[in-house]
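Me: I would like to learn how to read a protein model, one feature at a time. Please take me through one.

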Amino acid sequence: GYGMWMPTFLERVHEMPKAEIGVRFGIIQYVPALLGAVLNGKIADHLGRRDVRWHAWVGALAVALTIPFMTLQLLWPDGREAIYWAIPSALCGAGWAPIAYGLGQNLAPPHMRAVASSFIIIFITFLGTGLGPWAVGFLNDVLEPTYGAMAIRWSLLSVLLTCTIGAILFALASRTLEKDMAAGREEGR
């Protein structure tokens, strides 16, 4: 919901023109996201050579570190300054994806890796791309009578709390990751 609704947030709350939002937010958000995906994947691979659980821990940290940066972006009083909090947010926030795909491939036996990738894509599409924007819109409609144009700020902050769930799930996955990966390798033999 964040990526879909942030331009509307900047327009409603900070009265930024759409053309400025498109150029500034597009570059500021998506270039660091590309770099963050690669960087977090490399960090997880490097640390994962020492201890396989680092793959999950880096995923947990990437998601958890996104929360304060997104919060700062949503609460910052000046929109033209707030937009720059998207840089560290994107660097961290894009880090979970390569890790999730890598873990899916490493946990699944070879004959089930395409299915594992399919399930990851289904959940990302359904929850992130489908349910996320809908939840922000729904909350915005519910909060609008009380908060007016600021309802979108509180809607995005509310949905941002779901990142905590993602960080916790990555951290919990680390507890049995070695054993689960060994089971996937064994089943593939």
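Predicted model: local features only at pLDDT ≥ 70, side-chain atom pairs only at ≥ 80, totals over all residues.

Me: How many helices and strands does the chain have?

Reply: Helices (H or I, at least four residues) and strands (E, at least two) are DSSP runs, numbered from the N terminus. Here the chain has 10 helices and 0 strands. Read from the N terminus, the order of elements is α-α-α-α-α-α-α-α-α-α. Along the principal axes, the C-alpha atoms fill a box of roughly 60 × 30 × 25 Å.

Me: What share of the residues counts as buried?

Reply: A residue is buried under 20% relative accessible area, exposed over 50%, and partly exposed in between, with a 1.4 Å probe and protein chains only. Of the 189 residues in this chain, 40% are buried.

Me: What share of the contacts with a separation of 6 or more comes from residues 24 or more positions apart?

Reply: A contact means heavy atoms within 4.5 Å. In this chain, residues 24 or more positions apart supply 70% of the contacts with a separation of 6 or more.

Me: How many salt bridges are found in the whole structure?

Reply: A salt bridge is a side-chain nitrogen of Lys or Arg within 4 Å of a carboxyl oxygen of Asp or Glu. The search of the whole structure gives 3 salt bridges.

Me: Which residues are linked in a network of salt bridges?

Reply: The network links Glu-20, Arg-24 and Arg-80. Glu-20 meets Arg-24 at 3.1 Å, N to O. These two are separated by about one helical turn because they are 4 residues apart in helix H2 (residues 18–48). Glu-20 also bridges to Arg-80, with the closest N and O atoms 2.9 Å apart. That pair links distant parts of the chain, since Glu-20 is in helix H2 and Arg-80 is in helix H4 (residues 79–82), 60 residues apart. Arg-24 is buried, at 18% relative accessible area, whereas Arg-80 is partly exposed at 38%.

Me: Where do Asp-51 and Arg-53 come in?

Reply: Their side chains form a salt bridge of 2.6 Å, N to O. Asp-51 is buried at 18% relative accessibility, and Arg-53 is partly exposed at 29%.

Me: Which residues form the nonpolar patch on the surface?

Reply: Patches are made of residues with over 30% relative accessible area and no salt bridge; like charges are joined within 9 Å, and nonpolar side chains (Val, Leu, Ile, Met, Phe, Trp, Tyr) within 5 Å. Accessible areas come from the Shrake-Rupley method with a 1.4 Å probe, and for residues only the protein chains shown count as cover. The patch here includes Met-112, Phe-119, Trp-134 and Phe-138, and its members together have about 1,100 Å² of accessible area. Phe-138 sits in helix H7 (residues 113–147) and is partly exposed, at 44% relative accessibility.

Me: Is Glu-15 buried or exposed?

Reply: Glu-15 is exposed, with 68% relative accessibility. Glu-15 lies in the loop between helix H1 (2–14) and H2. Its phi is positive, about 55°, although Glu-15 is not a glycine.

Definitions and conventions. Residues numbered from 1 in each chain as written. Heavy atoms only, no water.
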